[in-house]
Protein chains: 2
Amino acid sequence: MSFMSEGEISTEAGADANKAAVPARRTPQPTYEGDFVLDEHLLLDCGRTLAGPTLHYAVYGRLNAARDNAVLVCHALSGSAQVGAWWPELLSPGGLLNPEIDCVVCVNLLGSCYGSTGPGSVDRETGEVYGPDFPLISIGDNVRAQGRLLDSLGITRLRLVLGGSIGGMQALDWTMIHPQRVEQAAIIAVAPLSAMGLALNHLQRKAIQDDPDWAGGHYLPHRPPDRGLALARQIAMLSYKSASLFEERFGRNPNRNGEDPWGFDNQKEGGGLIGGRFDIAGYLDHQGHRFIDRFDANAYLAILRTMETWDPLHGHRSPTEAFSGIRARLSFIGISSDWLFPPEAVRHFAYTIRAAGVHAHYLEMTTDHGHDAFLAEQVELVKLLQ
Amino acid sequence: MSFMSEGEISTEAGADANKAAVPARRTPQPTYEGDFVLDEHLLLDCGRTLAGPTLHYAVYGRLNAARDNAVLVCHALSGSAQVGAWWPELLSPGGLLNPEIDCVVCVNLLGSCYGSTGPGSVDRETGEVYGPDFPLISIGDNVRAQGRLLDSLGITRLRLVLGGSIGGMQALDWTMIHPQRVEQAAIIAVAPLSAMGLALNHLQRKAIQDDPDWAGGHYLPHRPPDRGLALARQIAMLSYKSASLFEERFGRNPNRNGEDPWGFDNQKEGGGLIGGRFDIAGYLDHQGHRFIDRFDANAYLAILRTMETWDPLHGHRSPTEAFSGIRARLSFIGISSDWLFPPEAVRHFAYTIRAAGVHAHYLEMTTDHGHDAFLAEQVELVKLLQ
C-alpha cells in the first residue's frame with residue numbers, strides 16, 4: 001500500500017525507468033500510533049451525533065516541555081494518519097518538519113476506512129454497522145474532534161497546521177474554530193469546491209451507486225462495488241493530474257503491454273466496439289485496480305460529502321463575519337496546473353480572507369503535475385513552504 | 001428530440017428563463033431525406049468489410065446545373081443527417097448556407113443509430129444484428145462511403161466541406177482522400193485526440209461496459225445499459241462545457257428543485273452518504289436522462305472508437321507526406337474555452353499542416369461555452385466563418 005501520490009505515473013507494464021536510479025528512502029515511522037475514543041457523543045453540524053467515535057492518529061516526535069513544538073498535518077481524501085508514508089519528504093532530513101524537534105500529529109478523517117470511525121464501523125448506539133446510514137461529517141466536525149484528541153495529548157497550541165486539498169480545508173477550519181490555538185497554517189491547493197469540482201464528485205458518486213454490488217450501501221464484505229469504486233477513482237484521477245502531464249507521459253501511445261487501439265480484440269467481448277487500449281487507458285485501469293485494494297466505497301462516498309459541503313462562507317453574512325476571528329498567519333499555496341482547485345480560485349480565496357483583516361499570503365507552485373503536485377512534487381513543496 | 005447543442009444549459013426544474021423572450025425559429029427542413037445503399041462491400045481500414053452498408057442522408061436545397069453549389073456538412077458524435085435540426089442558424093437567413101442557393105448534404109456516420117449502418121443493423125452477410133461484433137470504422141471509411149453517395153447524387157465537387165469535432169475530422173479527411181473534389185474546408189474544434197481526451201473516452205467506455213445490462217454488447221432491446229450510457233454522457237458533458245460556464249450558471253447552488261446538499265435524504269437509499277444534489281448535479285443527471293432516450297450504447301461505443309483512432313499522421317513518415325496532397329483551402333477554428341480539443345492544439349495542428357505547404361489558416365472563437373460552442377454559439381460561429 002502506497003500513498004506516495006494520488007496517482008503515481010506508472011502502469012502495470014512497468015514503473016518509471018528513472019526510479020531505479022533514486023536510492024530508496026526510509027519511510028519515516030511514527031513514534032506512536034493509536035486510537036483515541038471520545039468519551040461522549042460528538043454533536044455534528046448536520047444535527048446528528050456520533051456516539052463515542054474513535055480517532056485513529058499517529059505522532060512523529062515528542063511534545064517538548066514548553067509544549068510549543070506541536071504541528072498538525074491533515075490528510076487528503078484517501079490518506080491516512082501515517083503522514084510519514086504519504087508525505088515522507090516533509091518529515092525527512094532537509095524537509096519542513098523534523099521529528100527530532102517537532103511533535104507532528106496526523107489524525108485519520110472521520111468517515112475514512114483507516115482507523116477512525118466511518119461507515120464500516122459499528123454504531124455504539126445500535127450495535128450495528130453504520131453502512132449507508134453514516135451521517136454527513138463536516139470538516140468542522142473533524143476539527144472539533146481533533147481538538148479533543150489534542151487536549152488529551154496535552155497539546156494546547158499548534159505552531160503550524162497544514163494540509164493539501166481536504167487537508168487544507170481542515171487547516172483553515174482549525175484557524176476559525178480554534179483561533180487561539182494556531183500560530184500558522186499552510187493551506188495547499190484548496191478553495192470551496194467549484195461547480196466543475198462538484199460535477200466531478202457527483203459522477204464519482206454515481207459510478208459507485210450504479211454498481212449493482214453497492215446494494216444501496218449494504219454491500220457484502222466479500223462483494224464490494226469494486227467496478228464502481230475503480231471508475232470513481234479513475235474519474236478523480238483525471239482531475240488530480242494535468243492534460244500536459246498526460247500528454248508528455250502517455251500521448252497517443254498504444255498501451256505498453258502491446259495492445260493495439262487500431263486492432264480488433266478477439267479476446268474480449270465486444271472486441272469490435274472496444275479494441276485495444278491506449279497507454280493512458282492502461283494507466284487509468286491500473287490506478288483503479290490499485291485503489292480498490294486499499295479503499296472502501298462507503299468511506300469514499302462519506303468523504304466526498306465532507307469535501308463538497310465545505311464552504312466557510314456558508315451560513316455567514318460576509319467574509320468579514322466568517323474570517324475576521326482568525327489569529328493565525330495563513331499561507332495559501334496554489335498549483336499552476338491544478339484544474340480541480342485552479343490556482344486563480346485559491347488566490348481569490350486567499351485574498352478574500354486577507355480582505356477580512358487576516359494575515360494571509362499566496363504562493364504558487366509551478367508544475368505540470370496538477371492537483372496531485374502537493375503529493376507528487378514534495379521537494380518543490382518543501383522549498384516553497386520554507 | 002433536440003440536437004441544438006451537446007448539452008443545453010437547463011435542468012428538469014426549468015429551462016433558461018431567457019428562452020421565452022427568443023422567438024421560436026422554424027427548424028430548416030430537408031428537401032430530401034433518404035437512404036443510399038452501397039452496391040458492394042466497403043473495405044474498411046481495419047481490414048474487415050461492411051456488406052452493402054446503408055448511408056442515411058439529408059439534402060437541403062438542390063444541385064444547380066453547373067453542379068458547383070454543393071456543400072457537405074459533417075456531424076459530430078451524437079448528431080444526425082438532419083443538420084437543420086442541430087445547426088439551424090447556419091441554414092437560416094443570414095447564416096453561412098442558403099438552401100435557396102446551396103445544395104447542402106449531410107450524411108449520418110457509419111456506426112450511428114440515426115439511419116446509417118451501425119451496431120444495431122443487420123449484417124447482410126450473416127443475417128444477424130452486428131451488436132458488439134460491429135467493426136472499427138475509421139473516419140476515412142466514412143469519407144470513402146460518403147464519396148460514393150455523392151457520386152450517386154452527381155456531386156463531383158464540393159465548394160465547401162465543414163464540421164466540428166468528429167465532423168471536422170471528416171472534413172479534413174475529405175481534403176486528403178478526395179483532394180480534387182474539395183475547394184474549401186472548415187475544420188472546427190478538432191485535432192487528433194490528446195491523452196486527456198483518450199482518457200475521457202476510456203472512462204465513458206468503461207461506464208457502459210460496467211453496466212451489467214450491457215451484457216458484452218448483447219443487451220436486450222428492452223433492457224439497454226441506460227445507467228452506463230447516461231454516466232458516459234455525463235462524463236463527456238464535463239468536457240463539452242467549461243469550468244467558467246458551470247461556475248456562472250450553477251456555482252455552488254443547491255439543485256433548483258429544492259434538494260439540500262447539507263441535509264440527510266431519508267427518501268434515498270444511502271441518504272447519509274449521498275445527500276441532496278447541487279444544481280450542477282441536477283443538470284448533469286438531466287442530460288444523462290435525456291441522452292438515453294435518443295442514443296444507443298453500442299453506437300456510442302462505435303463512434304468513440306472512430307473518434308479516438310483518428311490521426312492523419314498515423315502511418316505516415318512526416319506531415320509533408322500526410323498533408324502535401326491537399327488542394328483545398330483550410331480554415332481551422334479553435335474555441336478559446338475548449339479543453340477537450342484545446343485551442344492551442346487546434347492551432348498547432350493547423351500550423352503543422354500549413355508547414356506541409358497547404359493553404360491553411362487559424363481562427364479562434366472567444367467564448368465561455370467550451371467545446372460545445374460550435375453548437376451552442378451558432379451566431380458567433382457564423383460571423384467567424386463569414
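The model is predicted, and within it 68 residues of chain B are in contact with 69 residues of chain A. The area buried between the two chains is about 5400 Å², and carbon and sulfur atoms give 65% of that area.

**Area and make-up of the interface**
- Of the area that chain B buries against chain A, 15% is supplied by B:Arg252, B:Trp262 and B:Leu273, which is more than any other three residues supply.
- On the side of chain B that touches chain A, the residues divide into 36 nonpolar, 17 polar and 15 charged.

**Polar and charged pairs**
- Between chain B and chain A, 18 residue pairs are in polar contact, counting pairs with both residues at pLDDT 80 or more.
- The rule finds 6 salt bridges across this interface, and in one salt bridge the side chain of B:Arg252 meets that of A:Asp311 at 3.4 Å, N to O.

**Helices on the chain B side**
- At least two residues of the side of chain B that touches chain A come from each of α5 (195–210), α6 (226–240), α7 (243–249), α8 (271–274), α9 (279–292) and α10 (297–308) of chain B.
- The largest share of that side, 12 residues, comes from α5(B).

**Nonpolar core**
- The largest nonpolar core has 190 residues, of which A:Tyr300, A:Leu330, A:Phe332, B:Tyr300, B:Leu330 and B:Phe332 touch the most other members.
- When its neighbours within four places in sequence are left aside, B:Phe332 is in contact with residues including B:Leu172, B:Ile187, B:Val346, B:Phe349, B:Ile353 and B:Leu363.
- In soluble globular proteins, nonpolar side chains tend to be buried together.

Notes
Residues numbered from 1 in each chain as written. Chains lettered and ligands numbered in written order. Predicted model: local features only at pLDDT ≥ 70, side-chain atom pairs only at ≥ 80, totals over all residues. Heavy atoms only, no water. Contact = heavy atoms within 4.5 Å. Buried area = accessible area lost by both parts, 1.4 Å probe. Salt bridge = Lys/Arg side-chain N within 4 Å of Asp/Glu carboxyl O. Polar contact = N/O pair within 3.5 Å; in protein donor to acceptor, adjacent residues only side chain to side chain. Helix = DSSP H or I, 4+ residues; strand = E, 2+ residues; numbered from the N terminus. Nonpolar A, V, L, I, M, F, W, Y, C, P; charged D, E, K, R; others polar. Core = buried A, V, L, I, M, F, W, Y, C linked by side-chain atoms within 4.5 Å. Buried < 20%, exposed > 50% of the residue type's maximum accessible area, 1.4 Å probe, protein only.
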